[in-house]
Amino acid sequence: MFFGRKLAVGVVLLLVPVTGFLLWAGMRQGPPPTVEVTSDLPAVGQATTLTIVVKEPVRGLSSLKVVAGGPALKAPVTLLEQAFEPAPAHKPWVTPTTTEHTATVVVGKRAMPELVPGQLIVRVVAGRAGTWMRQPPPAEVEQTFEVRLQPPALTSTSSFVHPAQGGAEAVVYEVGPSSVKDGVQVGDWFSPGSPLPGGAPSQRVALFAVPYDLEVSEAEAKEKIKLVAIDDVGNRAEQGFVHKFFPRPMGKDTIELKEPFMKKVTGEIYARTPELQPKGSLVDDYLQLNGDLRRANNATLKELGAKSVPKFLWGETFLPMQNAAVKGSFADRRAYLYDGKQVDTQDHLGFDLASLERAPVQAANAGTVVLARYFGIFGNAVVIDHGFGLQTLYAHLSSIGVKEGDTVARGAEIGRTGATGLAGGDHLHFTTVLHGLPVNPIEWWDAHWIRDRLKLKVGDTLPWAEQAPVAPPGAP
Ligand SMILES: [Zn+2]
């Protein structure tokens, strides 16, 4: 009896904490998760990314489901369904595996072909941990998004658009107010449009570049060269607008790499380009300049092009270098040979013009100096902005006579020819660059071309008057 009583007390004493623990664990459900939904765009169009952040710090999440529905969809679409393992209720010392989860889902016409304009309701259901006693409901959050699928209105108003491979052209067009980005797309290259000076708010003008390596027929060019306008949610209008296209096949050239030349250019360029580390062998050092540094310099040209002012800073035909012989021309694909083996291929995108050593170099036209410094493979170089994305590059100079920010007149001396950068002998490497892409300068030296391709389209916006043609370089 005595022992039985003791046992009973012991059992009761044991049962109290065990029962207490079981009850405590049985009640220990997770708190409702917090749900946050953010969108990368102001509405839903072609592809809007929603970021969903769900948090439950106590026992962790058990599930996540994201469903899109509402008037913009005929039937709800499950965008995401995921399960997680919450921490067990009876093991408070176990850290939950998923106390916070970030998911992204893409909503829009591209992922949901059934989508129509209207309201899209995105429902996020975040499950939380239960126990043997309690199965708490999940947290549910609904967010409504406006669906817009109408691309901006877009119409070309230019009737004679006749670009050439590696050349430039202009187009005047009308675009609807919802456009946030419009211009001309050719493959990877985009030439942005600008307001037409003096025109209505809907009127735009784009000077556009056709890549020198766009080796296509006229029919293909009409497909590939497109006016585009995109709104703030990715709805895109496209329109073909080219009437004629002139293929201008690339030239071919072979460069024999000689050690004295490679020593000269690598010694100078590495010394003046501290961010570039030599590779250790002469040929590899040279190839790094010819490849990596050339690409970096071209990227800088693209950045400069993006800063061009949206107005014509010039009013006369572009000037070629005086009394110069043409030693290399635009869009030559150069094979580089060393020891009889081909070690590289690069495209030469300018005119090489040679005269006397240290010959004066003149600004081809009026504009603003946007670069005047040592510029990698181009050596001492000057870039002049002429507006609407058009710039001229003068490379390999022995001396620079202007500084960034200077306004220069057509024909003003901006430096002297030389052989700095990737140059064997004294010459001027000259090119026109449109929105960062080198284009053939011969068009800009041609008064007829400027009249027909540009002046007739943009009218008084360009203060260019009929004038005598200038002789191209190398002409007698
Ligand atoms: Zn050159």
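Ala331 lies in the loop between β17 (325–328) and β18 (332–338); strands here are DSSP E runs of at least two residues and helices are H or I runs of at least four, numbered from the N terminus. The model is predicted, with local features requiring pLDDT of at least 70 and side-chain atom pairs pLDDT 80 or more, while totals for chains, interfaces and linings use all residues. Residues are numbered from 1 along each chain as its sequence is written, and side-chain values use heavy atoms, without hydrogens or water.

Most residues other than glycine have a negative phi. Ala331, however, has a positive phi near 65°, and its relative accessibility of 6% makes Ala331 buried (under 20% relative accessible area with a 1.4 Å probe and protein chains only; exposed is over 50%, partly exposed in between). His435, in the loop between β28 and β29 (437–439), likewise has a positive phi, near 50°. His435 is buried, at 11% relative accessible area.

## Helix α5

Asp446 caps the N-terminal end of α5, with a side-chain oxygen 2.9 Å from the backbone nitrogen of His448. After the helix comes Gly459, whose phi is positive, near 60°.

The buried residues of α5 (residues 447–458) are Ala447, Trp449, Ile450, Arg453, Leu454, Lys455, Lys457 and Val458. They lie on the same side of α5 because they cover an arc of only 165° around the axis, taken from the directions from the helix axis to the C-beta atoms. These buried residues pack against β9 (168–175) and β13 (203–209), where contact means heavy atoms within 4.5 Å.

## Arg204 in strand β13

Arg204 is located in strand β13 and is buried, with a relative accessible area of 16%. Its side chain forms a polar contact of 2.9 Å with that of Asp182 (a pair of N or O atoms within 3.5 Å, one able to donate a hydrogen and the other to accept it; residues adjacent in sequence count only if both atoms are side-chain atoms). Leaving aside residues up to four places away in sequence, Arg204 touches residues including Val171, Val172, Tyr173, Val175 and Asp182.

## The largest cavity

The largest cavity has a volume of about 80 Å³. A cavity is a set of points on a 1 Å grid over the protein atoms alone where a 1.4 Å probe fits but cannot get out, and lining residues have an atom within 4 Å of a point. Among the lining residues are Leu319, Tyr394, Phe430 and Trp445. β21 (360–362) and β28 (428–434) each give two or more residues to the lining, and β21 gives the most, with 3.

Note on methods. 1 Å grid on protein atoms, 1.4 Å probe; cavity = no way out; pocket = protein on both sides within 12 Å on 5 of 7 lines; lining within 4 Å. Points joined across faces, edges and corners; volume = space filled by probe spheres on them.
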